[in-house]
Structures are given as C-alpha cells and as structure tokens.
Amino acid sequence: MQKAFFLVSCGPDEQSKATRAFQFAKLAAERGGLAGMLLVDDAAYLAKPEIADRIRAVTGDSLADHAAWLREKAKGVPFYVCTPCCQARGILAEDLDPLWVLGTGGQAMDLLLEDGVTCLSF
C-alpha cells in the first residue's frame, strides 16, 4: 500500500495551509496510509497546544480537532517535531502536545526512503 509522509513547514501565520496539512494527514490515516509527520521551521509552534487551539482554516476547520483525532486514532505512527527548530524558537519538550516527540530530519528521511512512501509538503 502507498503511504504518505507529511512534511509541514508553515506555521501559525498560514492558518489555512497548516490546518489542511493536518486534515490531509487525518484523511491518510483513516485509509491506513499515513507514514508520519514532521513539523519543521515555524510549524514547530503548531506542536504547542495553546497555539494549535487557535489555528483554523478559513472554512472554520480546527487544526486542534484534527490533531486530537490523530492522537487518538493514529497510534504507532511517528509524529516528529524538529529538535533544532524547537531549540531555535525556545520550545521545550514539555511544551509539546503528547502527540509530538522531538525528532530529526534523519528520522523523517528513514521513513521517506521506505518503499511505497510519498512525501506531501505543506
């Protein structure tokens, strides 16, 4: 089965785009095709619950709602937030929603190099 990995670099300043990344990750997970996610650059802020709670698409979709679904239903799928990106922004591990773990581009690349994995970038 083909799987999708989501690389997200847009942050709170691009609310619709950020929300769509989570929505499409949810859609992939519903179909058993989610390989994982990595938040990089300003997307690292999205791993903080107090930020995620305020992010909405123009249509009203809530990023936090999609993240909550992923936390509950996509168990075993890796959800990484870039360690150096967090460090550069003063984000600590204890600031993160339980969905996220600190990770690296190398861990994401290991997933991306698996057969049948495609990367979607937001």
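This is a predicted model: local features need pLDDT of at least 70, side-chain atom pairs count only at pLDDT 80 or more; totals for chains, interfaces and linings use all residues.

Reader: How many helices and strands does the protein have, and in what order do the elements run?

Author: The protein has 5 helices and 5 strands. From the N terminus on, their order is β-α-β-α-α-β-α-β-α-β. The radius of gyration is 13 Å, close to the 14 Å that the globule rule gives for 122 residues, so the protein is as compact as a globular protein of that length. Of its 122 residues, 44% count as buried.

Reader: Which residues of helix α3 are buried?

Author: A general idea comes first. An α-helix has 3.6 residues a turn, so residues three or four places apart point the same way. In this structure, helix α3 spans residues 63-73, and its buried residues are Leu63, Ala64, His66, Ala67 and Leu70. Seen down the axis of α3, these buried residues fall within an arc of 160 degrees, so they line one face of the helix. On the other side of α3, Asp65 and Lys73 are exposed.

Reader: What is found at the start of α3?

Author: There, a side-chain oxygen of serine 62 reaches to within 3.3 Å of the backbone nitrogen of alanine 64. Alanine 64 is also one of the buried residues of α3.

Definitions and conventions:
Residues are numbered from 1 along each chain as its sequence is written. Side-chain values use heavy atoms; hydrogens and water are left out. Buried means under 20% relative accessible area, exposed over 50%, partly exposed in between (1.4 Å probe, protein chains only). Helices (H or I, at least four residues) and strands (E, at least two) are DSSP runs, numbered from the N terminus. The arc is that of the directions from the helix axis to the C-beta atoms. A polar contact is a pair of N or O atoms within 3.5 Å; within protein, one must be able to donate a hydrogen and the other to accept it, and residues adjacent in sequence count only if both atoms are side-chain atoms. The radius of gyration is taken over C-alpha atoms; the globule rule is 2.2 Å times the number of residues to the power 0.38.
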